[in-house]
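Below is a short briefing on one structure. Take the points by topic.

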Amino acid sequence: MNGIHDLGGMQGLGPLIREPDEPVFHEEWERRTFACLILTLAGGQYTVDELRHSIERMDPARYLSTPYYEHWLHSAEDLLDKKGVVTREELARRAAEIAARGRD
Amino acid sequence: MKHEHEHTQPPSDPALRIKALESLLIEKGLVDPGAIDELVDIFEHRIGPRNGARVVARAWVDPLYRQRLLEDGTKAMANTPQVHNVVVCTLCSCYPWPTLGLPPTWYKSPPYRSRVVIEPRKVLAEFGLAIAPEVEVRVWDSSAEIRYLVLPMRPDGTEGWTEEQLAALVTRDSMIGTNVPRVDAAATGRGK
């Protein structure tokens, strides 16, 4: 599939930025996203090809403007919803509950 | 399990989303909370470029091992005085996890993925690596099926060094091909 992920040879995507002594993960949500995705993949919820395809179908502007592990998060949410394993409604409800607890 | 105190400010968008997803996956019995911490620990502390560095150092001292590595290892591309190899994944982020761990952000970033295939010498120069005009640069685009490891050349002046000393010279970037092992960098304790 041709799409925004097919970046080889594109021009104008900005300078190469490197971070000296970069940590493996920058934030806790990246750790959790990495682990949840690998564990659900190992658990047979989806294949690597399905994950890649889901990332390739991201909104192009969002693909370019979000951090890498948000792509993983997107694909997990997308595929688990499509398969009926964890629906978007369940996710939205749980997120609202967690956010409400955080405000107490 | 450690609990963080984030009551002072609402979590950022992906932070809240993964908390919701993780709690539902655990509730449904699809993910074991202990396995999450274990997996993170493995990739933060146990798997990384030091694994690959040991492979490279062994290949430098053991010709038969080198031959096996180049013949049937995960695709190892040997640098020579005539050819410099560099690895990218233009479509996503494929990378040899067992030997290098998880890739740095720049490897997964649009600028590196887009540019290294059309102006590799310029990109390598930004890493501080000047490739002589007579040396061919080969860029290898990884895929879900094939992941590449660059086997750099052993630096001059390392005759008689132990495998351990040699492995200390081998940086992550030298196995991606965006740099080369340097004796001075190791001596001063620097070099990524």
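The model is predicted.

**Helix 4 of chain A**

- Helix 4 covers residues 68-82 of chain A.
- Its buried residues are A:Y69, A:E70, A:H71, A:W72, A:L73, A:H74, A:S75, A:A76, A:L79 and A:L80.
- The cover over these buried residues comes from both chains: it includes helix 1 and helix 2 of chain A, together with helix 1 (13-27) of chain B.
- After helix 4 of chain A comes A:G84, with a positive phi near 75°.

**Packing of helix 2 on helix 4 in chain A**

- The axes of helix 2 and helix 4 of chain A lie 9 Å apart, and the packing angle is about 105°.
- Angles from 65 to 115 degrees count as roughly perpendicular, so helix 2 and helix 4 of chain A are roughly perpendicular to each other.
- From helix 2 of chain A, the contact uses A:E50, A:L51, A:S54 and A:I55.
- From helix 4 of chain A, A:H71, A:H74, A:S75, A:D78 and A:L79 take part.
- By class, this contact between helix 2 and helix 4 of chain A has three nonpolar, four polar and two charged residues.
- An α-helix has 3.6 residues a turn, so residues three or four places apart point the same way.

**Interface of chain A with chain B**

- In chain A, 47 residues are in contact with 48 residues of chain B.
- On the chain A side, the elements that give two or more residues are helix 1, helix 2 (48-56), helix 4 and helix 5 (88-103).
- Helix 1 of chain A gives the most to this side, with 10 residues.
- The chain A side divides into 25 nonpolar, nine polar and 13 charged residues.

**A:D21 in chain A**

- A:D21 sits in the segment before helix 1 (28-42) of chain A.
- Phi of A:D21 is near 50°, a positive value in a residue other than glycine.
- Is A:D21 buried or exposed? A:D21 counts as exposed because it has 5 C-beta neighbours inside 10 Å, and the cut-off for exposed is 12 or fewer.

**Domains of chain B**

- The domain assignment of chain B gives domain 1 (13-46) and domain 2 (49-187).
- Taken over C-alpha atoms, the centres of domain 1 and domain 2 of chain B are separated by 32 Å.

Note on methods. Residues are numbered from 1 along each chain as its sequence is written. Chains are lettered from A and ligands numbered from 1 in the order in which they are written. This is a predicted model: local features need pLDDT of at least 70, side-chain atom pairs count only at pLDDT 80 or more; totals for chains, interfaces and linings use all residues. Helices (H or I, at least four residues) and strands (E, at least two) are DSSP runs, numbered from the N terminus. A residue is buried if 20 or more other C-beta atoms lie within 10 Å of its own, exposed if 12 or fewer, and partly exposed in between; C-beta atoms are placed from the backbone. Two residues are in contact if their C-beta atoms, placed from the backbone, lie within 7 Å. Ala, Val, Leu, Ile, Met, Phe, Trp, Tyr, Cys and Pro count as nonpolar, Asp, Glu, Lys and Arg as charged, and the others, Gly among them, as polar. Domain bounds come from an automatic or database domain assignment. Axes are lines fitted to C-alpha atoms, for helices over the stretch in contact, and angles run from 0 to 180 degrees between N-to-C directions. Angles under 35 degrees count as roughly parallel, over 145 as roughly antiparallel, 65 to 115 as roughly perpendicular and the rest as oblique.
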